[in-house]
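These are my notebook entries on one protein chain. I record below what I looked up.

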Amino acid sequence: MSKPTHDGKFRANKALGQHFLVSEKAIRTIAEAIPVGESAIEIGPGPGAITTSVLARVSQLTIIEKDDRFAQFWQEKTNEYPNLKVAHGDVMEVLSDVVATDNPQWIVGNLPYNISGPLTALLASFSLSGGMVLMYQKEVGQRITAESGTKIYGGLSVLVRHFYEPKKLIVLPPGAFNPPPKVHSMVIRLLPHGRAPKCSYEALQKTVRQGFAHRRKTIYNQFRGQLTQEDYLSIGIDPKKRPEQLDYDDWVRITLKLGKV
Ligand code: SAM
């Protein structure tokens with residue numbers, strides 16, 4: 001099995017957020033979070049820092065890559081790796097179809113930082129039996145794993161908790177990548193918590209989007225005209241609270257009260 005080169009052969013394209021992972025420890029941590037014999041999707045394999053290690057473990061891997069060079073590179077590798085499939089395209093456009101077709105247990109990726117917000121909102125909508133291992137810019141990883149009551153807690157912190165329990169695995173300095181980004185990075189793991197959701201993900205997403213639109217407003221004012229003070233009291237929520245003070249269960253109760261199920 002030849003290991004693809006990370007540098008030299010492929011020049012990093014900044015517009016596609018390309019910072020290639022070179023830290024062996026990080027590569028091991030990410031790959032070993034996926035149990036041997038399970039199936040996965042990798043988002044943005046690039047020249048393959050994570051891909052080769054993951055391919056050696058999984059029963060089936062589908063890679064999603066927008067960059068023509070890497071899509072072609074991995075397409076040519078499908079003879080060498082019978083458990084590899086290639087989806088060439090923008091992850092935001094093809095991910096739902098690939099998940100529906102492949103029904104993977106895991107999703108893994110050193111994600112392109114420029115689309116990490118909308119991509120995470122999409123990822124969190126899939127209920128996978130295994131989970132996800134994802135690399136983010138450190139600040140985004142902190143926001144996703146944040147607990148309610150903290151300043152950095154936001155919509156993504158709520159959405160990932162619909163199906164998953166988020167956990168920080170490691171923080172990496174810029175030198176773990178080539179070329180080095182300006183910021184630190186964080187690998188997080190999402191494992192299914194196994195509790196059946198009481199509302200749909202789409203309904204929760206609508207509530208959260210509206211509810212966090214103005215962080216300084218009280219929750220009562222965010223939904224003024226839709227929910228009364230009594231509505232909040234009937235679901236055990238103080239209407240004077242601000243969005244970052246509400247935990248996942250509070251957001252679900254608001255969603256149900258709004259009648260968005
Ligand atoms: N996995 C490699 C690594 O860890 O060294 C590369 C990670 S690099 C941070 C992000 C990867 O995502 C690149 O390969 C880039 O081409 C790809 N990418 C960027 N935007 C994308 C998009 N919208 N859809 C699919 N892949 C994308």
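Are Phe 73 and Trp 74 buried or exposed? I found that Phe 73 is buried, and Trp 74 is buried as well; buried means under 20% relative accessible area, exposed over 50%, and partly exposed in between, with a 1.4 Å probe and protein chains only.

Basis of the entries. I worked from a predicted model, in which local features need pLDDT of at least 70 and side-chain atom pairs count only at pLDDT 80 or more, while totals for chains, interfaces and linings use all residues. Residues are numbered from 1 along each chain as its sequence is written, and side-chain values use heavy atoms, with hydrogens and water left out.

Aromatic pairs. I looked up the ring pairs of Phe, Tyr and Trp (the six-membered ring for Trp), which require centres within 6.5 Å; planes under 30 degrees apart count as stacked, over 60 as edge-to-face and the rest as tilted. The structure holds eight such pairs. The ring centres of Phe 73 and Trp 74 lie 5.0 Å apart with planes at 85°, so this pair is edge-to-face. I also noted a cluster in which ring pairs link Phe 10, Phe 20, Phe 70, Phe 73 and Trp 74.

Nonpolar cores. I took a core as a set of buried Ala, Val, Leu, Ile, Met, Phe, Trp, Tyr and Cys residues joined through side-chain atoms within 4.5 Å. The largest has 51 residues, of which Leu 95, Ile 107, Leu 123, Leu 204, Trp 251 and Ile 254 touch the most other members. Helix α11 (residues 248-258) gives the most to this core, with five residues. Domain 1 (8-192) and domain 2 (201-257) both contribute residues, so the core lies between them; the domain bounds come from an automatic or database domain assignment. Apart from this core I recorded another, of 32 residues, including Ile 27 and Leu 172.

Contacts of Ile 107. Leaving aside neighbours within four places in sequence, I listed among its contacts (heavy atoms within 4.5 Å) Ile 41, Ile 43, Leu 95, Leu 123 and Phe 126.

Helix α5. Six of the eight residues of α5 (residues 116-123) are buried, among them Ser 116, Leu 119 and Leu 123.

Whole chain. I counted eleven helices and nine strands; these are DSSP runs numbered from the N terminus (helices H or I, at least four residues; strands E, at least two). Of the 261 residues, 51% count as buried. The C-alpha trace spans about 65 × 35 × 30 Å along its principal axes.
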